[in-house]
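Hi,

Here is the structure I promised to pass on. Have a look, and then read on for what turned up in it.

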Amino acid sequence: SQSVAVERGSVKPGTPWRECSMLQLLRLGQADGVSIFRSAAASRSACVLKSLHRRLSSQGSFQQGNPREEEIRRLRTTKDVLAYFLAQRDKLIPADVCCILEALWSRSQEHEDIKAAKKQLFNDADFMAIMKDVLFKLDRYSAPELPRLLGALFDMRWNDRQLFKIVEPMVIQHLPSMDCGSLPLVAHSFVGIRCGSRLLFNELVHRCFQSEHFTPEGVASLTAAFAKAPHKPKTFLIGFAPVVSQHLPSFTADQLQRVLLAYSEWPAEIPAEFMEQLAHFLVQDNAQMIRTGLPAQQLVTILRFLALWSARAKAAREDPGARRAFEPIYILCAKTLVAACDELTTEESSQAMWAYCKMKLVPKVLFQRLYSNILPSFQQLSLPSLAPCLLNTARAASGQMQFWDDAHPTEAITTRDLPRDYTLFEDRRLLLAAETHIVRCMGDIAPRDLTAVVQAYSLAHVGSPGLFSVLQRAAMEQCRQLPAEQLSSQLSSFAMLRLGPSFAREAQIDILDRLAQLPVTAVCDILWAFCVLRHRDPHFFKALLGILSPGSVANRRCAWLCPALLEIRTHFPDMDPEGLDRYMGYVQPDFRHVQLRQAAPESARKSLRSCLEQAGLQCTELVEVDGYIVDVLVESGDLEKPVAIQYHSAPRTLHLSTGEPLGGTMMKQMLAREISSLGGWILCCI
């Protein structure tokens, strides 16, 4: 018997027979246990072996075809199962009680109204007798029955946390004896009931890391459970990643979706090796898994997971090349999603749009199809899902998003080889239709979602004054909770809409408290916003300028620092003129490029030039005057001063809903007014 135990691995070599515990012998299985009993029946340890036989006979899992379980499964109704329990109450072993609970829940699910059937079952006196029997005989439940009992109670939604707290010490005691199939039941049950101490989850993590023979379903269940566990979720998911990688080829579509949803809860800590293995698995065999193996819903889950990791993981920030490995996956999934777009729900369409917008290029046809899915039923979306949809729509409408032409087949596997589509997406119906819904849900909006909504309506240049009043009030209430970058984004957005300096005054102290957290681009946006809102504080400007260095502003995203420096130099000529000129030299080329993109259409400029020439005036198009590019500059001997003509149109320089000039437009007019008073040039707006 000792040699059998050594071969099965439950007893270390050299362990004396009398030191072998009953639990170690029980783990040998029914056949080995019987052979141990028979081979040692004539030995001097007869009393010990008789005790072992009694333990074996009391375990349902060690019996050859438990007849009671077969009888229970043949019972047809809930009443029959309850009557069987009352009749056989004194003869039932723990495995039989677990089978009865499973049968009761199975029969209840056969009713049309499951909720009513569940309520009727839980209020039945005979069912309460079963639960009392379970509670009084808990000490008889061991490693095979405890996970089964917990799983049955969780499936029935018997949310008695006190019972789970009573069972917890027993689970910890029997955890080393549980097999790999029982661990997912334990984890899933305690997480689902929202119960379990740190000690329990520590032991679960330790036991899972020691085990090797998990099934694909067990791996999927464990990762799904620990993703929502109250203790040790990141530790488990990171340490369990090699096991998940080994089972990737064995997962079904549903299991793969559950695993990726679990890791999506903690994307920042996922190692790059796991992502490389996942990408290789998806594109192997000519990407057969993507082309035919997965439905559209699972593809959306994969794309969202890859986008989350690319945006939040430290490994992705340290190695930008790691994100390029996902480009073939996005390109291949676009073809499948366009064909199956009608099968996606509104929530899945919003997730797919968000995932693709995290790329440098977005498929134009797929974007339009997803937008059409979201538009009629956007009210079904939660605010965390609706806010990114609004922001991505605004970026597409403002020209900040680049599209690639997916209307025609392509063999490209990288974004650099994709054909470009330079047509603008000018549909703003979603932004206009969502105003009332946004105002209604404003009380529950999170800071991140509030920032996305403010940016969306600012970029698209749409929205009613009532909406902006509500947004500004919410921003002032959440000002203390906003991270530094979100605070700068809201400031620049409100400045673009010219909503007054009240929010700027509220945020000024918070900005000074978080100077060390502000990136260079955020500092440039804040300086521009304060200048547009006419909240000119020289000490505040000096504090912000002290963070900058000439080399750090050589960035296209810092282009709006140029008009801010022009404004500061005009109103504070003694504030470090040499330093301001040095900054101007770095940011002026980028600001010139931005102005050329926002210049009046060529047809409008030609029409203006033709009219002026007929009047005998000489003019020049797109001329830079004191740092600003004007559409047409008129210089003639008959004029006292040069006249700069600015052609306004919505949504380029005017707000699309109100027709009011935008923040950048008003800043140019204010500077022209100051220069005109000093004898410079005159700005004429038409």
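One definition before the strands: two of them count as paired if DSSP finds at least two bridges between them. Keep in mind that this is a predicted model.

Strand E4 (residues 619-625) and strand E5 (residues 628-634) run antiparallel and are joined by 6 bridges. Across this pair, Val 623 sits opposite Val 630 in E5. The turn of the hairpin has 2 residues between the strands, and Asp 626 in that turn has a positive phi of about 55°.

Then there's an open sheet of 3 strands, ordered E1-E2-E3, with mixed pairing. E1 and strand E3 (420-421) are at the edges with a single partner strand each, so one side of each has no neighbour in the sheet. Strand E2 (residues 402-404) runs antiparallel to E3, with 2 bridges between them; Trp 404 has Arg 420 in E3 as its bridge partner.

A positive one is made up of Arg 312, Arg 323, Arg 324, Lys 358, Lys 360, Arg 395, Arg 416 and Arg 448. Lys 360 lies in the loop between helix H23 (346-357) and strand E1 (361-363), and its relative accessibility of 72% makes it exposed.

On the negative side, Glu 273, Glu 276, Glu 318 and Asp 319 form a patch. Asp 319 is found in the loop between helix H20 (314-318) and helix H21 (321-324). Its relative accessibility is 40%, so Asp 319 counts as partly exposed.

Cheers

How values were computed
Residues are numbered from 1 along each chain as its sequence is written. This is a predicted model: local features need pLDDT of at least 70, side-chain atom pairs count only at pLDDT 80 or more; totals for chains, interfaces and linings use all residues. Side-chain values use heavy atoms; hydrogens and water are left out. Patches are made of residues with over 30% relative accessible area and no salt bridge: like charges are joined within 9 Å, nonpolar side chains (Val, Leu, Ile, Met, Phe, Trp, Tyr) within 5 Å. Accessible areas come from the Shrake-Rupley method with a 1.4 Å probe; for residues, only the protein chains shown count as cover. A salt bridge is a side-chain nitrogen of Lys or Arg within 4 Å of a carboxyl oxygen of Asp or Glu. Lys and Arg count as positive and Asp and Glu as negative; His and the chain ends are not counted. The place of a charge is taken as NZ of Lys, CZ of Arg, CG of Asp or CD of Glu. Helices (H or I, at least four residues) and strands (E, at least two) are DSSP runs, numbered from the N terminus. Buried means under 20% relative accessible area, exposed over 50%, partly exposed in between (1.4 Å probe, protein chains only).
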